[in-house]
Amino acid sequence: MKKIRRIGILTSGGDCAGLNAVLRAVVLRAVYGYGWEVIGIRQGTAGLMARPVAAEVLDPAEFTGLLLRTGGTILGTTNKGDPFAYPMPDGTLRDRSAEVIEGYRALDLDALIGIGGDGSLAILRRLAVQGDINFVGIPKTIDNDLGHTEVSIGYATAVKVATDALDHLQPTAASHSRVMVLEVMGRDAGHIAINAGIAGGADVILIPEIPYRIAHVAAKIERLKHEGRNFALVVVAEAVKTEDGEPVTRIQAGGHVTYGGIGHYIGARIAEETGAETRITVLGHLQRGGMPTPRDRLMASVFGVHAVDLIARGAFDRMVAWSGRQVIDVPLTDAVAGYRAVDPDGPLVRTARGLGICLGDA
Ligand code: F6P
């Protein structure tokens, strides 16, 4: 195996809390543990497409203070611009993968670490195969929908933010005798919704994995009222559909489609069915920013160190993962193929039902 001297790292896909903590762990381990140089690539694969290539040496001294604690990513990132189908100004899609690989070569790197979710890691692996790049992936996504790892960076912080939101909503709900609807992110998976909903004392949790009927939600709210409760907390995952089975989406600049708005639909339907006064909070990108929780910082450190150790061992085409209280690594192909939504028969759904939380199906 060629001797490693210089590795690259990039953050890809949507940002989340804990990315800077991963960068810190990689830099400390690579520089102090192995004497390598670490090059940070800007804006994900866009930095490798840029000419000159947008990249800089990452100095351990940069990481001594705030960065362990701050959200975002100092490298920047993008969740658009797949290099295999890159949107051009004239509206066409072009395969620019060869340019990305050429950019990687220009940096004279011996290996690359990519921090991403399933979509980004699949793209990065494809590039690695095409360009014969020694690649290791680190899982991050607030959606926590990657298979083969129990933990992805950013998820714990997102759950905390959503739980804090319920803690903030409950007193105002009780003061005004209102039904508060909280819409949370998670893309097609309801992990944030069910975790924060249980932790934050929600009365109703709607997730895309369990079809609902508004009549069941209304009945739950009426029951609470008859029991003497003057408020209710409802958590809705963003990918929950309307009763007609329509996803609620928005088209962002450049045609990028995101979820958003189902909370308003559910709030209006609850008001119609029960006469309750409802208010809606769409938590949005608050779930992605902010200080990473201790758990996210810890996992960022564990994953960063393990990824560098994998490179040192020449173990490529793998993703670091957390399973059964251990840091492990799995083939990247398995990792990106192993999508994981909430298990409708799993422990959290059983717990929610056991607590009397309405999941909309009964
Ligand atoms: O995948 C992370 C995520 O925050 C999803 O939960 C959400 O649906 C999406 O990204 C939002 O994307 P954007 O940052 O483009 O609005």
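1. The shell around the ligand in this predicted model comprises two nonpolar, five polar and four charged residues. Here Ala, Val, Leu, Ile, Met, Phe, Trp, Tyr, Cys and Pro are classed as nonpolar, Asp, Glu, Lys and Arg as charged, and the others, Gly among them, as polar. The shell consists of Asn79, Ile142, Asp143, Met185, Gly186, Arg187, Glu238, His256, Thr258, His285 and Arg288, where a residue is near the ligand if one of its heavy atoms lies within 4 Å of it.

2. Of the 400 Å² of accessible area that the ligand has on its own, the protein covers 87% (Shrake-Rupley method, 1.4 Å probe).

3. The protein chain is divided into domain 1 (6-153 + 292-323) and domain 2 (159-285 + 343-354), with bounds taken from an automatic or database domain assignment. Both domains give residues to the shell, so the ligand lies between them.

4. The C-alpha centres of domain 1 and domain 2 are 33 Å apart. Seven residues of domain 1 are in contact with eight residues of domain 2, contact meaning heavy atoms within 4.5 Å.

5. As to method, residues are numbered from 1 along each chain as its sequence is written, and side-chain values use heavy atoms, with hydrogens and water left out. Local features need pLDDT of at least 70 and side-chain atom pairs count only at pLDDT 80 or more, whereas totals for chains, interfaces and linings use all residues.
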